[in-house]
Amino acid sequence: MIRGLSDDEMDLLQELRSQFYVSRPFVRQQTDYYEGTAPFKNLGISIPVSLEDVGTVVGWPETVVDIMSERLSWRGWQSTDDLMGLDEVASNSLVGFEFSQMILESLIYGQGFMEVSEGDDDEPDVVVQAVSARTATGIWDTRKRRLGAGYSTFESRDGVVEVLYTPTATIRIIGNELVERDDHDFGRPTLVRQANRLRPSRQDGRSEITRAIRYYTDNAVRSILGM
C-alpha cells in the first residue's frame, strides 16, 4: 500500500503496472525489428552455425514505418472561435515536433502517447510532450473514446519514477512512495493516446511492423547469409 493513494487508485495502479509489464515482450520485439537488432532466427537448414553471429541487417521494417510517418505531420487547426491560448501552448511546446514523435511511436507499436503537464519555474505554464509507448500504457474508455487512466514509468537520478494518470489527478511515485500529487478538475487523464488502425476488436491499435513484415525480414536475412 502506498500512503496517499486511495484503495481505488491503488487497485488502478496495480492493474496498469500488470498491463505494462505484460506488453513488454511485444514492445521489445517491435523495437528490435525497427532498429535492425532483431535476433537472427536460424532454421538449421542451410546456414552454418559459424555464420549466426554475422551482423546482417535488413531495414524493411524501418522503411515501412518511416515512409508512412513522413506523410503524417501536424498542420495546426482552424477555428473561428477564441483559441483560449492553445496557439501559444502549441508554439511554446513545439507541438508539431511532439506530434510527429507520437505518430512514429504509434506506427511502430500500435499506439503512442502525449502528456500535458504544468511547467516548472523556467518553463512555459503548460508543457506538451510525447511519451514513448516503451514507457507508457493506458486503459481505453470505448464510450468516451479516450483514456480512462494512464501510466508511465522511467528511471531518474532519484530512482524509478511511476506516474499514474486519473481523471482527477496526476500522481508521481518513486520507490513506492508518493512524492507529488497534482489534483485537477479536468475530468480526464492528462495523458492522451493516439492509436494506429484502431478498430472494435483491436482497441490497442495495430503496428505497421506486421507479422508479414517480420516474416519477410527474417527470410531476407537468412537469404543474404545463405549467399
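How far apart should the ends of helix α1 (residues 7–22) be, at 1.5 Å a residue? With 16 residues, α1 should span 22 Å, and its end C-alpha atoms are 23 Å apart, which agrees. (The expected span is 1.5 Å times one less than the number of residues; helices are DSSP runs of H or I with at least four residues, strands are runs of E with at least two, and both are numbered from the N terminus.)

Before going on, note that this is a predicted model, where local features need pLDDT of at least 70, side-chain atom pairs count only at pLDDT 80 or more, and totals for chains, interfaces and linings use all residues. Residues are numbered from 1 along each chain as its sequence is written, and side-chain values use heavy atoms, leaving out hydrogens and water.

Now look around α1. Its buried residues (under 20% relative accessible area, with a 1.4 Å probe and protein chains only; exposed is over 50%, partly exposed in between) are Glu9, Met10, Leu12, Leu13, Leu16, Arg17 and Phe20. Seen down the helix axis, they fall within an arc of 160°, taken from the directions to the C-beta atoms, so they line one face of α1. On the other side, Asp7, Asp8, Asp11 and Val22 are exposed.

Next, the loops. Methionine 84 sits in the one between α3 (60–70) and α4 (86–92). Its phi is positive, about 55°, although it isn't a glycine, and Methionine 84 is exposed, with a relative accessible area of 72%. Arginine 197, in the loop between β8 (191–195) and α6 (211–226), also has a positive phi, near 55°. Arginine 197 is partly exposed, at 45% relative accessible area.
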